[in-house]
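Please examine the structure shown below before reading the explanation that accompanies it.

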Amino acid sequence: MPLILAFVMTTLLGACSVGPHYHPEHAFLPAHYHEDDARDPDFRPQELVQWWQQFHDPILDRLVSLAFDYNHDIRATAQRVLIAHALRDIEASQWYPQIDFSSLNGDLMKSTSLSNSMPHVDDLPRDPHASLLSYGFGASWQIDLFGRIRHQVDARDRAVEQAQENRHAIMLTVLAEVARNYMTLRGTQHRLDIINQHIVTAGHLYDRAIRLQQAGVGNTLHVAQTASLLHTQQSQRAALCKTISQSIHTLEILVGRIPGTLRAELTTTVPLPRVPPAPRTLPVRLLRHRPDIRRAERIYAQATDDIGTEVAGMYPNIVIPLTYTPNASTVSQLFAAGAQAWQALAMTSLPLGHGGQQQARVRSAQAIAEAGRLHYHQQILTALREVEDAIVAWNGKKTHVHLLHQAALQSRLANLRSRRLYEAGISDLLNVLETEQSALRAEDTELCAHIDWLHRTVDLHVALGSGWESRI
């Protein structure tokens, strides 16, 4: 009857938990981005969720898919989510009775050499041998009257959500690294094609200088100048080949492959991905997409639940221990009424004097929660700044690439005309060498800027927190 009464009271008072309860924090966000020219964006969620598809590169799509499935960092974070779930279940187990079974059987032998070891009854000594058989059940039930366990479980729920957001952040980071390295690889391959073309031209100039010198109409200065140009460009080619190999190795590791596995597929030069239009979205969507903001909000929620846990520690803790342990010397006696032994108690503990320790714990938890709240708002401001900066960088790079393209066109034209004048004997070799170097520098600078523009596109999507949702 007392146990039934305790159960009823627990059910009725289960909602009587002390301490604060978390409520979502309101965050002020602007209606649009200051640096975004589109005030009424034509938002299409799928373009953000799978933004890498906007480059229309099937190899990039495949690499991203492989990274999501086989990257070891992503797979490790999935295990950390499972760990967080298990820790949550450990805390939740306190809601239920803790039941254990035990048994004991064997023989006992007492010493007969001690004068007072064996008491006599009717001048007959007791048998020093004894047999002991025992089995029993022990149970302990903690009544969560003031919500201590509930707050602990809620805090663990927040920890699970934090682990999930950590996983989302790693997925976003890996996705961005795959895209950046792929853009670097393809851009460097095109830079290599350009340098190879200029090496062919430099080789022709060197051969011509050798022939003219051998014919007596040239000089060793021209031979040295053309040789210097040829060797300089060949050294640049070696540096580009190294970058290509390193980019391939990085991509292979990111998708969980041994270096060298994807070389045959990635060494084939394909057209450079075209830069898609800048994504259009609203600031309010940062709260849903950015893993760091979502994680900061969950940290604040967990800190709020920790306050409730510490406040509940100032209230009585009620535990009901139950034991049932029959004892006998023979199996036939083990179930007899005289062998039965049990106890049913209700234990209550209340901290009375600990020098203000629990109050200090409450104040500490409150300060931690307030720090978490402020960090959450700071994370939002940081995210807004990163998006604004990414938009500025994207727009600026767009103009930069356009101007460099015009400069590269003019440099190629000047180089072509200079070679024709030289071959016709109208211009000297120095002009040819200068225009050749200028053309190569202009074309390479344009390609580097185009690669950087692709990187800025990736950075903008990362700042918006897009991409991880595609595998959730």
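The model is predicted. Begin with helix α3, which covers residues 58-70, and helix α5, which covers residues 148-214. Their axes come within 10 Å and cross at roughly 150°. The crossing in which α3 passes α5 is right-handed. On the α3 side, the residues that meet α5 are Ile59, Leu60, Leu63, Val64, Ala67 and Phe68. Their partners in α5 are Met171, Val174, Leu175, Val178, Ala179, Tyr182, Met183 and Arg186. By class, this contact of α3 with α5 comprises 13 nonpolar residues, no polar residues and 1 charged residue. In an α-helix there are 3.6 residues a turn, so residues three or four places apart point the same way.

Next, consider helix α12, which spans residues 429-464 and has 36 residues. From its first C-alpha to its last, α12 reaches 53 Å, close to the 52 Å expected at 1.5 Å a residue. Gly465 follows α12, and the phi of Gly465 is positive, near 75°.

A search of the whole structure finds 1 cavity of 30 Å³ or more, and the largest cavity has a volume of about 30 Å³. Which residues line the largest cavity? The lining consists of Tyr33, Leu48, Thr281, Leu282, Arg285, Leu286, His289, Leu464 and Ser466. These lining residues divide into 5 nonpolar, 3 polar and 1 charged.

Key. Residues numbered from 1 in each chain as written. Predicted model: local features only at pLDDT ≥ 70, side-chain atom pairs only at ≥ 80, totals over all residues. Heavy atoms only, no water. Axes fitted to C-alpha atoms, helices over the stretch in contact; angles between N-to-C directions. Helix = DSSP H or I, 4+ residues; strand = E, 2+ residues; numbered from the N terminus. Left-handed = near helix turned anticlockwise from the far one by under 90°. Contact = heavy atoms within 4.5 Å. Nonpolar A, V, L, I, M, F, W, Y, C, P; charged D, E, K, R; others polar. Expected span 1.5 Å × (residues − 1). 1 Å grid on protein atoms, 1.4 Å probe; cavity = no way out; pocket = protein on both sides within 12 Å on 5 of 7 lines; lining within 4 Å. Points joined across faces, edges and corners; volume = space filled by probe spheres on them.
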